[in-house]
Amino acid sequence: MLSKNMEKALNDQIRIEAESSQVYLSMASWAEVKGLEGISLFMYKQSDEERMHMLKLVKYVNERGGQSAISALTEPKAVYDSFQKMFEDLYDHEIFVSKSINELVHVALQEKDYATHNFLQWYVAEQMEEEALARTILDKINLIGNDKSGLYLFDRDVQQITVESAAADPQP
């Protein structure tokens, strides 16, 4: 059984994961309109992944005797100055989500809710991967600078990351 404090914290994270899906979806749309097919496909996949993170939390809260809350979402940013700025925003967002997950783990330990603590370890590991991927992408972007041919190759490479990730991560 979840404590009311733990249930509230998990419901807050459900909203954050839903908003993360929307952030990626907005980025996908922006990239698609700009002709950045690879980046767009990458962002669409990430949006789907964030939605799955949200659904995993929804099911967990409900299965532990709580009531998941599906709340209103903050509208994500829709326009970016550049694809570089978009990926910087993405990295900052992933750091924000990591901090939120860490706070959830802290609440679980304070509540002595070891089942939830155990459940959240998947999210801790996932966020480490998300941050590392965003940092790697930013490093590549910094390497190409303002080189248009570099952007073309980068767009293709990001699409390949998507293809490789999809092949390595079978759908449930």
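**Figure 1. Overall fold of the protein chain.** Counted from the N terminus, the elements of the protein chain follow the order α-α-α-α-α. This is a predicted model, and its secondary structure amounts to 5 helices and 0 strands. The radius of gyration is 17 Å, close to the 16 Å that the globule rule gives for 172 residues, so the protein chain is as compact as a globular protein of that length. The C-alpha trace spans about 55 × 30 × 25 Å along its principal axes. Of the 172 residues, 45% are buried. The protein chain exposes about 9600 Å², and 55% of that area comes from carbon and sulfur atoms. Among contacts with a separation of 6 or more, 80% are between residues 24 or more positions apart.

**Figure 2. Packing of helix H1 against helix H3.** Two packed helices are described by the angle between their axes and the distance between the axes. Helix H1 covers residues 4-33 and helix H3 covers residues 83-110. Their axes are 10 Å apart, and the packing angle is about 170 degrees. H1 is therefore roughly antiparallel to H3, since an angle over 145 degrees counts as roughly antiparallel. The contact of H1 with H3 contains 18 nonpolar residues, along with 5 polar and 3 charged ones.

Figure 3. Met 6 is part of helix H1. The relative accessibility of Met 6 is 0%, so this residue counts as buried. Leaving aside neighbours within four places in sequence, Met 6 is in contact with Leu 104, Val 107, Ala 108, Asp 113 and Thr 116.

Figure 4. With a relative accessible area of 1%, Gln 13 is buried. Neighbours within four places in sequence aside, the contacts of Gln 13 are Leu 57, Val 97, Ser 100, Ile 101 and Leu 104. Leu 104 is likewise among the residues in contact with Met 6.

Figure 5. Beyond neighbours within four places in sequence, Thr 116 is in contact with Leu 2, Met 6, Leu 10, Tyr 60, Arg 64 and Ala 108. From C-alpha to C-alpha, Thr 116 and Val 61 are 9.5 Å apart in space, while 55 residues separate them in sequence.

**Figure 6. Pro 76 in the loop between H2 and H3.** Helix H2 runs over residues 37-63, and Pro 76 lies in the loop between H2 and H3. Pro 76 is partly exposed, having a relative accessible area of 21%; the buried class requires a value under 20%. When neighbours within four places in sequence are left aside, Pro 76 is in contact with Gln 22, Val 23 and Ser 26. The C-alpha atom of Pro 76 is separated by 7.6 Å from that of Glu 19, which is 57 residues away along the chain.

**Figure 7. Tyr 80 in the loop between H2 and H3.** The loop between H2 and H3 also holds Tyr 80. Tyr 80 is buried, with a relative accessible area of 6%. Not counting residues up to four places away in sequence, Tyr 80 touches Met 27, Trp 30, Met 86 and Asp 89. Tyr 80 and Val 61 are 19 residues apart in sequence, and their C-alpha atoms are 35 Å apart in space.

Figure 8. Most residues other than glycine have a negative phi. Lys 112 is not a glycine, but its phi is positive, at about 55 degrees.

Technical notes:
Residues are numbered from 1 along each chain as its sequence is written. This is a predicted model: local features need pLDDT of at least 70, side-chain atom pairs count only at pLDDT 80 or more; totals for chains, interfaces and linings use all residues. Side-chain values use heavy atoms; hydrogens and water are left out. Axes are lines fitted to C-alpha atoms, for helices over the stretch in contact, and angles run from 0 to 180 degrees between N-to-C directions. Helices (H or I, at least four residues) and strands (E, at least two) are DSSP runs, numbered from the N terminus. Angles under 35 degrees count as roughly parallel, over 145 as roughly antiparallel, 65 to 115 as roughly perpendicular and the rest as oblique. Ala, Val, Leu, Ile, Met, Phe, Trp, Tyr, Cys and Pro count as nonpolar, Asp, Glu, Lys and Arg as charged, and the others, Gly among them, as polar. The radius of gyration is taken over C-alpha atoms; the globule rule is 2.2 Å times the number of residues to the power 0.38. Buried means under 20% relative accessible area, exposed over 50%, partly exposed in between (1.4 Å probe, protein chains only). Contact means heavy atoms within 4.5 Å. Accessible areas come from the Shrake-Rupley method with a 1.4 Å probe; for residues, only the protein chains shown count as cover.
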